[in-house]
Protein chains: 2
Amino acid sequence: MRDVFIIGTSQTPVGEHWHLGLRELGATAIRDALADAQLERVDALYVGNMLSGCVNGQENLATLLADAAGLLPAEAWKVEAACASGGAAVRAAALAVAAGAHEIAMAVGVEKMTDGLGGTVSAGLATASDQDYEAGHGFTFAALSALLMRRYMHETGWAREDFAPFAVTAHRNAAANEHAMFREPISAEDFSRSPMVASPICVLDAAPICDGAAAVVVCSKEAIEAHHEPVRIAASAAATDTMALGTRDDLLTLRSAAASASRCFEATGMQPRDMDLFEAHDAFTVITALSLEACGFAPRGAAVRLARDGCLEPGACIPISTCGGLKARGHPVGASGTYQIVEATLQLRGRAGTNQLHDARRALTQSIGGHGSVAVTHILEA
Amino acid sequence: MRDVFIIGTSQTPVGEHWHLGLRELGATAIRDALADAQLERVDALYVGNMLSGCVNGQENLATLLADAAGLLPAEAWKVEAACASGGAAVRAAALAVAAGAHEIAMAVGVEKMTDGLGGTVSAGLATASDQDYEAGHGFTFAALSALLMRRYMHETGWAREDFAPFAVTAHRNAAANEHAMFREPISAEDFSRSPMVASPICVLDAAPICDGAAAVVVCSKEAIEAHHEPVRIAASAAATDTMALGTRDDLLTLRSAAASASRCFEATGMQPRDMDLFEAHDAFTVITALSLEACGFAPRGAAVRLARDGCLEPGACIPISTCGGLKARGHPVGASGTYQIVEATLQLRGRAGTNQLHDARRALTQSIGGHGSVAVTHILEA
């Protein structure tokens, strides 16, 4: 595979954008990423999105955005892999450039969840699980995640309160991120008092429903210009596991996350310890823990200790979700994977502002869909 | 771009599969394509589908199918480009192989439309148009196509009855295709008497709502084995046009179709006259005409004459939709683009049975989404 580089990024603020639709959010991110790369246009647009059909009544979304952003007649299609859609869209763009089909391409992740009326968003999120064997019987997405957390607590002995540091760190990191939805720090006590959603998952375990868009411009080595600050996509991989939790041999091993991370480490000869930061898929605190373990940052059941001991803080051994993560920056589901790659790129370019890590050279990002049924992992290198 | 070859295909019958779900349809096509290529598994699965979220309540569909077909932990994601999804999925698989990410990959197009209750399918199909400026005001997909047909008739002077040969040829071709939904020939009189759907579009102008799945295995030159009968993907391109018909300068030029076809002809140095067959996107007779014109098979307004003069029949200058096309084989929307490539491959392999063309060496396929807002075009070569 020929090398692919990130030469432009953008992100809209994450939040409840009542005055903006999918079209405006996506087109804004596209235009801002073009400006960041100092480009007039790109010839290919890959859109990461999960819910536009269910929630917004809009498929053919990639064409809509290519049209709105003035990219016609660019190639454009949507990539859907549940909550990993934004990561998969970046992978699609990288594959198109690696294949030589395009010298420059863009991935944009976009989600507009607040358009959903009543239970539409919950029903939409549940479409990431098995409709016949899970969602159709009334399981919400949070309820299925709660089963994972309950099992984790049962097998490891950790209590619900022990997960607090994941959320506390995320909110602290988000406080300095002007694009984040929640910029108020929280305490372990706030976490403990947080209302229950689906036992043992409480509000502060969970990422919020929200809107946002982020974009990444990728190109071949030949297309890099002097003014660019390229970040290399050192590795990219996607993998899957069973849809229904009930068909897994072991609920505490996210095989998709482990397989895609392994492929990235093997392809680069790198190790988890070589990473300077990890943009984790912290949609629920238990998923953060399982993702850390699947990627080899902690043995089984030990990620909670990593959080408790402060190892995930900026400046510690493996800082995670340095801009607030899905938990506090926000989780516009099909866009989150793209936000992760944008934030990692900003760190590697030294443009992460108040949240900037010292001398960050290599970043791992992992975007997870379903309950670990699909994962897309990237290693970026400055 | 390194060369990519088709080494296996499959298709389920198209029809109303009341006893099968998305899962079974997709997994059947996957397993049959593996068998055709004499493979145990593939490491990457790209799923073309439009309506699984809206109609079936199932996103994360690619993971579901990878799981159901025993492909875990393969890479898997869904590609959505409205009714061009099946063509885009084949392009995604080809890009992954061309990039060197995988030596062998599969695209499967699948749609299960008969699960839709009440107006669900019509509402779902309308999500391919602009929700804010078209669908949201009550336009159905057929109604928007009717505007195109009315304009075509107005500018060219052709009457509604002049479109009959497109439908008559499609049904005649489908009669010998055991996978086709409608195997009864129709006459021009049947066409004339056909009930009106959205004036001037009648039932026999339009492709049916139905279910089906088709799959294609693609690989690198190095992965071809002695028993394969490889068909080369000589060119592949996707392009877009405005979403809303009201924003087009000229309703009778499908710019996405023209741009993607031009790219394929330029990449190969071939011309329309070099094609031995054309798998056209005949979702409505007027779209067939516009697609033929966009690809250079006829000047503006002249495709209807091509049909009237018998030039689209098997054995004539440019046979189209040799297995019945979307009109009579059936149009499970997100799968149709894959069916087209399967059928063209069978022709080039000399395995099209009763419908086999004499010495077919090169085929053009064009999959169109929205009302020409997106198109995916391929040239295949034996």
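How many positive and how many negative side chains does chain A have, and how far apart do the centres of the two sets lie? In this predicted model, chain A carries 28 positive and 43 negative side chains, and the centres of these two sets are 3 Å apart.

## Overall build of chain A

The secondary structure of chain A is made up of 12 helices and 11 strands. Its radius of gyration is 19 Å, close to the 21 Å that the globule rule gives for 382 residues, so chain A is as compact as a globular protein of that length.

## How the two chains are related

In general, two copies of a chain are related by a rotation about an axis and a shift along it. Here, chain B is superposed on chain A by a rotation of 180 degrees with 0.0 Å of shift along the axis, and the RMSD is 0.0 Å. That is the relation of a two-fold axis.

In chain B, the C-alpha nearest the axis belongs to Ala99(B), at 1.8 Å from it. Both copies use the same surface, since 100% of the contact residues of chain B recur in chain A.

Helix α2 of chain A covers residues 61-68, and six of its eight residues are buried, so the helix is largely enclosed by the rest of the structure. The buried residues in α2(A) are Leu61(A), Ala62(A), Thr63(A), Leu64(A), Leu65(A) and Ala66(A). After α2(A) comes Gly70(A), whose phi is positive, near 75 degrees.

The loop between β2 (44-48) and α2 of chain A holds Gly57(A), which counts as buried at 17% relative accessibility. Leaving out residues up to four places away in sequence, Gly57(A) touches Ser52(A) as well as Thr127(B) and Gln131(B). The C-alpha atoms of Gly57(A) and Asp115(A) are separated by 9.8 Å, although these residues are 58 residues apart along the chain.

## Two buried positions in chain B

Where in chain B is Ser220(B) found? Ser220(B) is in strand β7, which runs over residues 211-220 of chain B, and with a relative accessible area of 0% Ser220(B) is buried. When neighbours within four places in sequence are left aside, the residues in contact with Ser220(B) are Arg2(B), Asp3(B), Phe5(B), Val97(B) and Glu103(B).

From C-alpha to C-alpha, Gly21(B) and Met113(B) are 9.8 Å apart in space, while in sequence they are 92 residues apart.

Technical notes: Residues are numbered from 1 along each chain as its sequence is written. Chains are lettered from A and ligands numbered from 1 in the order in which they are written. This is a predicted model: local features need pLDDT of at least 70, side-chain atom pairs count only at pLDDT 80 or more; totals for chains, interfaces and linings use all residues. Side-chain values use heavy atoms; hydrogens and water are left out. Helices (H or I, at least four residues) and strands (E, at least two) are DSSP runs, numbered from the N terminus. The radius of gyration is taken over C-alpha atoms; the globule rule is 2.2 Å times the number of residues to the power 0.38. Lys and Arg count as positive and Asp and Glu as negative; His and the chain ends are not counted. The place of a charge is taken as NZ of Lys, CZ of Arg, CG of Asp or CD of Glu. Copies are superposed by least squares on the C-alpha atoms of residues with pLDDT of at least 70 in both. Contact means heavy atoms within 4.5 Å. Buried means under 20% relative accessible area, exposed over 50%, partly exposed in between (1.4 Å probe, protein chains only).
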